[in-house]
Amino acid sequence: MPQNRGFGRPFGITSVCSAHPVVIEAALIHGRGRNSDVLIEATCNQVNQDGGYTGMTPAAFRVFVEKIAAKVGFPLDQLILGGDHLGPNPWRHLAAGDAMHKASEMIDAYAAAGFTKLHLDTSMACAGDPPAVPNETIASRAAQLAAVSETRVRQSGTQAPSYIIGTEVPVPGGAVEALDHLHITTPADARETVELHRAAFSRLGLDEAFARAIGIVVQPGVEFGNAEVIPYRREAAAELVATLSDIEQFVFEAHSTDYQSGEALRHLVGDGFAILKVGPWLTFALREALYGLSAIAGILVPDAIRETLPVAMERVMLSSPDHWQKYYPGDAHQQYVQRHYSFSDRIRYYWTAPAAQNAVNELMSALQGVTIPRPLISQHLGHLEPMVGSGSLASQADAIVLGSVIRVLDIYADAIDFAQQR
């Protein structure tokens with residue numbers, strides 16, 4: 001990870017926040033093609049010492065990613081693994097002491113597994129905490145976790161990690177409510193975050209560790225909901241961006257940059273938002289490709305599939321509504337539309353269900369070896385038709401699924417390249 005902004009020139013990196021094997025494969029193929037580092041991050045709920053909702057510990061996640069890297073020929077020395085929102089969030093129903101004990105076990109596991117980018121996020125209230133945890137407490141708890149990480153690194157001899165601080169982020173996975181009151185981080189809040197963390201680290205004798213704190217999470221004014229996207233407006237963030245001159249050690253990390261335009265991403269990088277996190281857009285692109293292929297299969301090989309993929313996924317989601325029900329408002333029809341097509345893409349939690357995997361496998365098997373006519377790609381996968389037309393994407397189902405995700409990663413990479421060349 002870069003340690004500073006360097007000679008006034010912008011730089012950037014895409015942070016791939018997904019545990020879906022196809023998304024990770026696409027990211028590594030993309031990085032191999034561009035000869036660039038690839039940053040893949042796991043969240044505290046997704047991967048932790050108890051397995052998270054993926055069932056993977058940090059060590060298991062590393063093995064999972066490295067196996068995919070070996071499959072596609074991606075060099076491991078260009079792979080960066082990160083942990084996001086590392087703190088008590090999965091255990092916030094517990095008293096603060098107990099939740100922080102679990103968080104300490106988690107960050108110890110991340111450090112032991114050699115993750116080298118760790119976002120310390122202790123902003124969430126635990127049982128017995130006030131609804132808004134004081135900033136001083138947040139910083140103190142973050143420093144406690146850093147101390148655990150530093151001890152593990154010394155004991156295991158793994159690479160010393162870079163830290164990300166700050167907690168002023170949108171709701172993971174997109175906003176639930178209407179996006180009419182987005183709060184951009186104030187310069188004063190950004191400076192206070194840095195100074196409180198600096199002091200908290202210093203009290204624990206962690207000055208050298210704080211020197212490896214390279215990023216601060218802020219809200220630059222970007223967000224997405226079920227059908228809305230709030231674009232980056234650099235004039236609105238100008239005062240925040242100017243703060244970087246006061247905290248030269250840091251870059252900004254921007255969460256929820258999904259669905260931003262190429263121009264908005266270029267402006268974000270140019271303004272110092274060097275770490276661009278993307279997740280739901282990648283699985284949204286995966287779902288677009290799979291649903292398009294399902295429609296095509298119904299035309300080309302109708303006897304090879306028992307039901308369409310949307311029908312199968314509807315049954316899977318209705319049978320286990322916990323991942324979508326409280327996030328998708330409205331009547332039954334509105335919820336149906338959101339289950340399948342929302343920008344927040346909560347369908348991503350269901351692809352690992354056995355019934356979903358069976359349905360996807362049946363679809364891909366039905367289309368194995370089938371060359372898909374370009375008119376059908378234009379009709380059902382229109383966003384990929386130019387790539388097929390140019391010859392950069394094969395008219396095969398496997399290539400199309402990967403290509404849909406890579407297309408999104410190209411938007412990020414092109415924006416970063418453009419900003420860095422200015």
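**Aromatic pairs and core packing**

The count of aromatic pairs here comes to 16. Keep in mind that this is a predicted model.

I'll go through two of the pairs. Tyr163 and Phe201 are edge-to-face, with 6.2 Å centre to centre and 70 degrees between the planes. This pair links distant parts of the chain: Tyr163 belongs to strand 5, residues 162-165, Phe201 to helix 5, residues 187-203, and they are 38 residues apart. Tyr163 and Phe201 are buried.

The other pair is Tyr232 with Phe273, edge-to-face at 5.7 Å centre to centre and 70 degrees between the planes. Here Tyr232 lies in the loop between strand 8 and helix 7, while Phe273 is in strand 10, 41 residues apart. Tyr232 and Phe273 are both buried.

There is also a ring cluster, in which ring pairs link Phe224, Tyr259, Trp281, Phe284, Phe343 and Tyr412. Over the face of Phe284 lies Arg287, 4.8 Å from the ring centre. Elsewhere on the list, Arg266 has its charged end over the ring of Phe418, 4.8 Å from the centre.

Now the core. Which residues touch the most other members of the largest nonpolar core? They are Leu28, Ile40, Phe61, Phe273 and Leu293, out of 124 residues. Helix 15, residues 397-421, gives the largest share of this core, 12 residues. A second, separate core has 10 residues, among them Ile13, Leu39, Ile164 and Ile275.

Last, Phe61. Setting aside neighbours within four places in sequence, its contacts include Ile24, Ile40, Val47, Met56, Leu81 and Phe115.

Key: Residues numbered from 1 in each chain as written. Predicted model: local features only at pLDDT ≥ 70, side-chain atom pairs only at ≥ 80, totals over all residues. Heavy atoms only, no water. Core = buried A, V, L, I, M, F, W, Y, C linked by side-chain atoms within 4.5 Å. Buried < 20%, exposed > 50% of the residue type's maximum accessible area, 1.4 Å probe, protein only. Helix = DSSP H or I, 4+ residues; strand = E, 2+ residues; numbered from the N terminus. Contact = heavy atoms within 4.5 Å. Phe/Tyr/Trp six-rings, centres within 6.5 Å; stacked < 30°, edge-to-face > 60°. Lys NZ or Arg CZ within 6 Å of the ring centre and 35° of its normal.
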